[in-house]
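Reader: I have a model open and want to learn how to read it. Can you take me through its features in turn?

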Amino acid sequence: MSLPEHQLELLSPARTADIGIEAINHGADAVYIGGPSFGARSSADNEVADIARLVRHAHRFNSRIFVTLNTILRDDELAPARQLAWQLYDAGVDALIIQDMGLLEIDLPPIQLHASTQTDIRTPEKARFLQDAGLSQIVLARELTLEQIQAIRAQIDPARCALEFFVHGALCVAYSGQCYISHAHTGRSANRGDCSQACRLPYQVQDSQGRFVAHDKHVLSMKDNNQSANLAALVDAGVRSFKIEGRYKDLAYVKNITAHYRTLLDELLTQRPELARASSGQTTFSFTPDPDQNFNREFTDYFVQGRKEDIGAFDTPKNPGRHLGYVTQVGPDWVELSTSVPGTVLHNGDGLCYYDLHKELVGMAINRAEPASALAVDRWRVYPKDPMAGFKDLRKGTELNRNRDMDWVRRLEKKSSDRRMGVWARLEETSEGFALHLTDEDGHAGSALVAAAKAPARDPAQAETTLLEQLGRFGATIFQPFEITLALRQPWFIPASTLNTLRREAVSALETARAAAYQRPARAAAVVPPVPYPEDTLTYLANVFNERARSFYAKHGVQVIAAAYESHEEEGEVSLMITKHCVRYSLSLCPKQAKGVTGVQGTVRAEPLTLVNGKEKLTLRFDCKPCEMHVVGKIKKSVLNQASRDAQAAPLTFYRTRPRMAPH
């Protein structure tokens with residue numbers, strides 16, 4: 001069974017188990033994290049024992065833990081991947097996020113499987129196939145519109161498969177799983193968790209005649225995803241799991257962004273009583289969540305509401321920060337500035353930045369900040385850590401932004417949330433003494449008994465008040481009282497130590513009952529007989545890297561199966577990236593944009609463009625019917641030579657053309 005259709009799941013990232021625990025504490029209904037290997041983030045690995053610790057904490061709130069097992073695998077890696085899957089299952093993990101279909105052909109534990117964004121789910125047919133193959137949750141492509149999400153939702157069974165969608169974080173410009181630039185240029189495969197991020201580099205853009213269209217622009221670098229304004233529309237379109245990107249991100253990011261979306265989803269749930277959160281408890285915060293406080297390249301909602309021109313972070317892949325004010329004076333080792341908002345406070349360690357005359361972002365770390373005048377509250381003098389000579393084009397009138405606020409950073413370093421579950425408490429007397437019964441918001445119960453003499457209270461009214469106050473002190477537990485009932489014949493004097501023992505033992509019994517009642521989501525069964533794959537031919541774009549994956553697709557009716565790009569069977573020019581982002585459109589050179597413009601209509605054509613970065617050259621070709629861009633290039637000889645030297649097993653060879661049928 002998939003995520004129930006009436007439940008909304010906030011899914012947060014975790015680089016480490018400790019960050020995952022804080023994601024749970026800040027309201028995550030589920031957390032995804034990498035295991036010790038095969039996790040598509042080469043430097044975000046975690047030991048199974050640490051993941052087990054995270055699992056125990058999450059399950060206290062009925063939150064779930066998903067582990068990424070989403071690289072493509074060589075044949076010799078299938079056995080270690082199987083072993084890891086069983087270790088994660090034994091550790092209590094709720095689901096594995098996978099890309100390689102070869103995993104469906106080996107002896108995995110009965111653990112729920114989710115389709116990674118790397119499986120490139122853009123069509124209803126692909127989504128329906130993965131559901132029928134036994135995937136219980138599928139991560140849709142980030143490039144989809146609301147209408148496309150609705151079309152996919154109409155073709156799946158929500159009782160069998162839930163739709164997951166990225167709502168925040170860094171955007172990969174390519175369709176996930178459809179980018180090979182890193183491997184072609186460096187041998188580092190994005191599909192194996194080691195992307196070199198060529199998309200964040202600056203490029204010269206040249207037209208078909210060699211003329212410069214753009215100079216040193218990061219034309220493949222996207223702004224960051226932010227769907228805060230679209231949550232209700234995404235719910236209506238069928239999304240049930242709202243995913244935050246960021247398994248490389250730090251603790252402050254995960255705390256802040258999880259709290260931000262927890263707040264928005266809770267507001268939505270208040271307006272939509274037919275919906276519910278996917279885990280238990282309520283979370284309160286000691287800060288006001290603010291996505292602008294974390295590293296970002298400015299925000300876009302990408303294609304959810306249709307194609308827009310301002311989705312790119314072309315000037316810089318760095319964090320431009322928030323507007324702060326303007327330079328009023330530059331000294332030998334200081335900068336004086338006027339803040340635009342009176343009362344703004346600067347701190348030692350703050351990060352400032354500005355754009356030089358070439359629109360390059362220049363950072364300025366502050367060693368010391370102090371008011372420039374006791375009379376002017378909006379004037380500050382800051383002393384940068386670096387020599388003033390290095391700050392190019394810094395002059396009076398330069399606009400300054402702040403991209404690191406140390407007051408905010410310090411606030412997030414401390415305890416910043418409290419997640420509690422409500423309980424009903426009932427104190428009653430027994431023949432031997434007293435009993436405390438706790439029932440939580442999920443209906444689980446825990447009780448404790450204590451033998452004690454019954455002594456009448458000297459002041460009955462005060463005794464009742466004291467009992468209610470003492471019993472309500474749930475302190476560092478994960479519970480808080482909804483209501484406390486005293487079922488006593490008369491007010492008794494009960495020592496605080498007795499009440500503390502009752503409450504502690506009842507809480508322990510309740511936690512034990514919750515743990516015993518927790519049920520992991522079940523593994524979905526694949527449809528029998530196997531349903532046909534939507535296509536009968538697969539190119540290198542299908543990322544088939546092992547014999548089991550090949551067998552999987554063959555079983556589902558695919559007749560021609562090419563090897564993954566990492567198998568090095570594609571040595572000539574091919575599409576190294578396929579993307580919905582269009583450089584021509586973003587530079588106002590799209591033929592569709594020119595329609596109806598006097599003197600221009602019919603003269604603008606979608607001719608190829610060339611990207612140049614140093615010695616690297618890539619060709620941009622435009623497929624206007626689906627409105628997609630292909631970044632074309634070829635694998636370097638040095639990568640092929642190194643791969644040949646490093647080869648540990650014979651490469652797979654797949655049919656490039658349909659095999660001839662043997663004569664009868």
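Reader: How many helices and strands does the protein have?

Author: Remember that this is a predicted model. The protein has 15 helices and 32 strands. Its C-alpha trace spans about 100 × 90 × 50 Å along the principal axes.

Reader: What share of the residues counts as buried?

Author: Burial is read from relative accessibility, with under 20% as the cut-off. Of the 664 residues, 53% count as buried.

Reader: And the contacts: what percentage join residues at least 24 apart?

Author: Take contacts between residues at least 6 apart in sequence. Of these, 70% join residues at least 24 apart.

Reader: Show me one such case. Where is Leu275 found?

Author: Leu275 sits in the loop between H8 and strand E12 (276-277). Glu5 is 270 residues away from Leu275 in sequence. In space, their C-alpha atoms are 8.4 Å apart.

Reader: Which residues is Leu275 in contact with, leaving aside neighbours within four places in sequence?

Author: Glu5, His6, Leu8, Val235 and Leu269.

Reader: Is Leu275 buried or exposed?

Author: Compare its value with the 20% cut-off. Leu275 has 10% relative accessibility, so it counts as buried.

Reader: What do the buried residues of H1 pack against?

Author: Both strands and helices. The strands are E1 (7-14), E2 (30-34), E13 (282-285) and E21 (417-429). The helices are H2 and H8.

Reader: What follows H1?

Author: Gly27, with a positive phi near 110 degrees.

Reader: Let me look at the helix pair. At what angle do H1 and H8 pack?

Author: Read the angle and the distance between axes together. Helix H1 (residues 17-25) and helix H8 (residues 251-271) pack at about 20 degrees, and their axes are 9 Å apart. Angles under 35 degrees count as roughly parallel, so H1 is roughly parallel to H8. Their crossing is right-handed.

Reader: Which residues make the contact of H1 with H8?

Author: H1 supplies Ile19, Glu22 and Ala23. H8 supplies Leu251, Val254, Lys255 and Thr258. By class, the contact has 4 nonpolar, 1 polar and 2 charged residues. Two of the H1 residues named here, Ile19 and Ala23, are also on the buried list.

Reader: Give me another pair. How do H10 and H11 cross?

Author: Helix H10 (residues 460-471) and H11 cross at roughly 40 degrees, and their axes come within 10 Å. The two helices are therefore oblique to each other. This crossing is right-handed.

Reader: Which residues of H10 meet which residues of H11?

Author: On the H10 side are Leu467, Gln470 and Leu471. On the H11 side are Ala496, Leu499, Asn500 and Arg503. The classes are 4 nonpolar, 2 polar and 1 charged.

Reader: Next, cysteines. How many disulfides does the structure hold?

Author: Look at sulfur-to-sulfur distances; a disulfide needs the pair within 2.5 Å. The structure holds 0 disulfides.

Reader: Now the backbone. Which residues does a cis peptide bond join?

Author: Omega is the angle to check. Val528 and Pro529 are joined by a cis peptide bond, with omega about -5 degrees. Pro529 lies in the loop between helix H11 (496-517) and strand E27 (537-538).

Reader: Phi next. What is the phi of Asn62?

Author: Phi is near 65 degrees, a positive value in a residue other than glycine. Asn62 lies in the loop between helix H2 (48-59) and strand E3 (64-69).

Reader: Where does Ser588 lie?

Author: In the loop between helix H13 (583-586) and helix H14 (591-594). Ser588 is not a glycine, yet its phi is positive, at about 60 degrees.

Note on methods
Residues are numbered from 1 along each chain as its sequence is written. This is a predicted model: local features need pLDDT of at least 70, side-chain atom pairs count only at pLDDT 80 or more; totals for chains, interfaces and linings use all residues. Side-chain values use heavy atoms; hydrogens and water are left out. Axes are lines fitted to C-alpha atoms, for helices over the stretch in contact, and angles run from 0 to 180 degrees between N-to-C directions. Helices (H or I, at least four residues) and strands (E, at least two) are DSSP runs, numbered from the N terminus. Angles under 35 degrees count as roughly parallel, over 145 as roughly antiparallel, 65 to 115 as roughly perpendicular and the rest as oblique. A crossing is left-handed if the near helix is turned anticlockwise from the far one by less than a right angle, and right-handed if clockwise. Contact means heavy atoms within 4.5 Å. Ala, Val, Leu, Ile, Met, Phe, Trp, Tyr, Cys and Pro count as nonpolar, Asp, Glu, Lys and Arg as charged, and the others, Gly among them, as polar. Buried means under 20% relative accessible area, exposed over 50%, partly exposed in between (1.4 Å probe, protein chains only).
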